[in-house]
Amino acid sequence: LTHNRLSSGTFTILLSNSDGFPFFSKHDPNQPFSPPGVFYNPREGYYQGGFENRNDLVVWAYRPRIDEVGVGLSSSFAFQFPIGFVGDSDDSLSVHLLNNITWQTISAPKIFNQGYSMNIAVTKSSFR
């Protein structure tokens, strides 16, 4: 789940058996997030540290801020529960930086090819 408030973004994992209690959260106070793309049961996480991890993969990027003129620099991110995760602690959970990029998006990535490929509709513009 990604959610935004003005010019900040938060990625949150909710517990389904605890009435949606937040279990893990990553907040960025300076930039909102795009909707997440999810690939269920990928061959592995195709990023550094995702080798042989078949847990569901979640990917998103920054979206333009409401007050932003043009589109600034951005980043893309991934989240995957670690191999062997049993849900008793969030100590081993982290958001992985995939890449620093020159575009932003308002749509979720489309992930395919067993989690090895994705397409993202992007926005990059400027006023001259």
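Residues are numbered from 1 along each chain as its sequence is written. As this is a predicted model, local features need pLDDT of at least 70 and side-chain atom pairs count only at pLDDT 80 or more, while totals for chains, interfaces and linings use all residues; side-chain values use heavy atoms, with hydrogens and water left out. Strands here are DSSP runs (E, at least two residues; helices would be H or I, at least four), numbered from the N terminus. Two strands pair if DSSP finds at least two bridges between them.

- Four bridges hold the antiparallel pairing of strand 1 with strand 2 (residues 8–15), and R5 has S8 in strand 2 as its bridge partner.

**T12, inside strand 2**

- T12 sits in strand 2 and counts as buried because its relative accessibility is 7% (buried means under 20% relative accessible area, exposed over 50%, partly exposed in between, with a 1.4 Å probe and protein chains only).
- Its side chain makes polar contacts with the side chains of H3 (2.8 Å) and S25 (3.4 Å). A polar contact is a pair of N or O atoms within 3.5 Å; within protein, one must be able to donate a hydrogen and the other to accept it, and residues adjacent in sequence count only if both atoms are side-chain atoms.
- Setting aside neighbours within four places in sequence, T12 is in contact (heavy atoms within 4.5 Å) with L1, H3, P22, F24 and S25.

- Strand 5 (residues 57–61) and strand 6 (residues 74–80) run antiparallel and are joined by five bridges; L57 has Q80 in strand 6 as its bridge partner.

**A108, in a loop**

- A108 lies in the loop between strand 7 and strand 8 (110–112), and is buried, with a relative accessible area of 17%.
- Not counting residues up to four places away in sequence, A108 touches P35, P36 and G37.
- A108 and A121 are 13 residues apart along the chain, with 8.0 Å between their C-alpha atoms.
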